[in-house]
Amino acid sequence: MKKVTLDEFQALQTSDKIPHLSKDGDGRDIFHLLFAQQFKRPELDALCKLADHIRKINKTVEGTELLGSTLRDKHALNLFVQPSTRTFMSFMAAEQKLGMMTLDIRDVTTSSHAKGESFQNSIRTFSSYVDLIVMRHPDKGACGVAAWEMNMAERRIPVINGGSGRDQHPSQALLDIYTIQKSLDEIDGKTIVMVGDLARGRTVRSLSYLLRNYENVRIIYASPDDLRIGDDIKDFLQRNSMTFEETDNLEKVIPEADAIYMTRVQGEWDKKGGSTGEKSAPDPRFVFRKEFLSKMKKTACLMHPLPKISEIDVELDYIDDPRIVYWRQERNGMWARAALIATIFGVHDRISEFAAD
Ligand code: NCD
């Protein structure tokens with residue numbers, strides 16, 4: 001693989017970084033997962049199918065034994081230096097289902113970083129002991145630095161982005177696609193409404209990138225004016241001839257939606273508001289109220305990456321309606337992440353062969 005300096009790597013456009021994130025530098029497979037743009041339709045279809053297989057064989061003792069033997073000799077480090085519940089737990093559960101031993105670092109003040117060690121040297125040190133790094137970091141580029149460091153190191157191990165600043169959350173987008181596919185049977189031709197803090201939420205950005213892989217998808221972004229989706233995403237959609245529109249009227253577009261993807265106000269990025277501050281309160285126009293259920297299509301689904309605060313009427317947690325899928329979506333994260341890890345390590349065929357028997 002052609003080696004580039006960190007400055008050169010960082011200066012590359014995302015599409016030019018992608019070859020550096022594959023096993024042999026040819027861009028054909030995913031070795032490091034940093035960006036949602038790395039996923040192509042065949043891979044998405046294969047990952048969704050594999051997630052189904054893993055879910056299915058996990059139901060039997062023989063199946064869990066097979067799964068648990070696939071990566072028994074491997075260690076995973078979950079390096080989460082930004083708050084996380086679901087992504088952290090579902091990655092850990094996924095790794096353990098595949099038999100991996102798991103380590104975690106959630107507070108860098110307890111590591112040598114506090115003594116002044118560089119981030120790159122810390123990453124290289126971690127790679128001496130583990131075979132996979134899953135990381136969440138407030139800096140948009142930190143996962144890229146880690147992946148680059150691994151490309152330069154003798155022991156090159158994969159890095160998976162578990163959330164990078166306000167920028168991307170590709171494994172979340174994968175589980176979102178898996179959930180939409182399971183709920184609607186197909187994604188081609190569907191209308192996806194994304195709601196809330198589209199300016200600072202990374203999940204909607206990564207999901208928008210992934211939807212490029214489907215035919216005739218229509219995206220409707222519903223947000224207050226100051227929380228609209230970024231221009232870079234709109235440029236991407238335009239370049240890829242994708243249909244999208246923006247609205248400040250959630251109620252009006254609900255009947256058109258096949259999937260409604262709610263998000264919370266990301267108050268932690270707002271110095272004034274803080275995570276519990278006033279700025280975290282959603283604009284009431286973008287709260288999913290109980291009566292909106294009657295406006296939804298019978299076949300539609302209501303999603304949320306979670307955590308949710310008050311942007312969905314809390315009563316919905318206790319309503320038995322198969323269209324409310326966000327708790328299922330959360331569990332899908334574990335299966336989708338197990339499929340992703342199994343694919344990166346090349347053990348997917350063993351799992352699928354077992355599932356086919
Ligand atoms: C999301 C995130 O961290 O970006 N959470 C998650 O991983 N499920 C969404 C959020 O924090 O609002």
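A pocket here is an open set of points on a 1 Å grid over the protein atoms alone, with protein on both sides within 12 Å along at least five of seven lines. Keep in mind that this is a predicted model. By that definition, the second largest pocket has a volume of about 500 Å³, and the ligand takes up this space.

Some 25 residues line the second largest pocket, and Pro 83, Arg 136, Arg 202, Arg 264 and Pro 307 lie nearest its centre.

| Residue | Atom of the residue | Atom of the ligand | Distance |
|---|---|---|---|
| Thr 87 | polar side-chain atom | oxygen | 2.8 Å |
| His 169 | polar side-chain atom | oxygen | 2.8 Å |
| Pro 305 | polar backbone atom | nitrogen | 2.9 Å |

On its own, the ligand has 320 Å² of accessible area, and the protein covers 93% of that. Other residues around the ligand include Gln 172, Thr 203, Gln 266 and Leu 306. Sorted by class, the shell has 3 nonpolar, 5 polar and 3 charged residues.

Now for the largest pocket, which has a volume of about 600 Å³. Its lining counts 27 residues, with Gln 13, Thr 14, Phe 35, Gln 37 and Tyr 209 nearest the centre. Among the elements giving two or more residues to this lining are helix H1 (6-11), helix H7 (142-152) and strand S4 (159-164). H10 gives the most, with 4 residues. By class, the lining of the largest pocket holds 8 nonpolar, 10 polar and 9 charged residues.

Notes. Residues numbered from 1 in each chain as written. Predicted model: local features only at pLDDT ≥ 70, side-chain atom pairs only at ≥ 80, totals over all residues. Heavy atoms only, no water. Near = heavy atom within 4 Å. Polar contact = N/O pair within 3.5 Å; in protein donor to acceptor, adjacent residues only side chain to side chain. Areas by Shrake-Rupley, 256 points an atom, 1.4 Å probe, with all protein chains shown as cover. 1 Å grid on protein atoms, 1.4 Å probe; cavity = no way out; pocket = protein on both sides within 12 Å on 5 of 7 lines; lining within 4 Å. Sits in = over half its atoms within 2 Å of the grid points. Nonpolar A, V, L, I, M, F, W, Y, C, P; charged D, E, K, R; others polar. Points joined across faces, edges and corners; volume = space filled by probe spheres on them.
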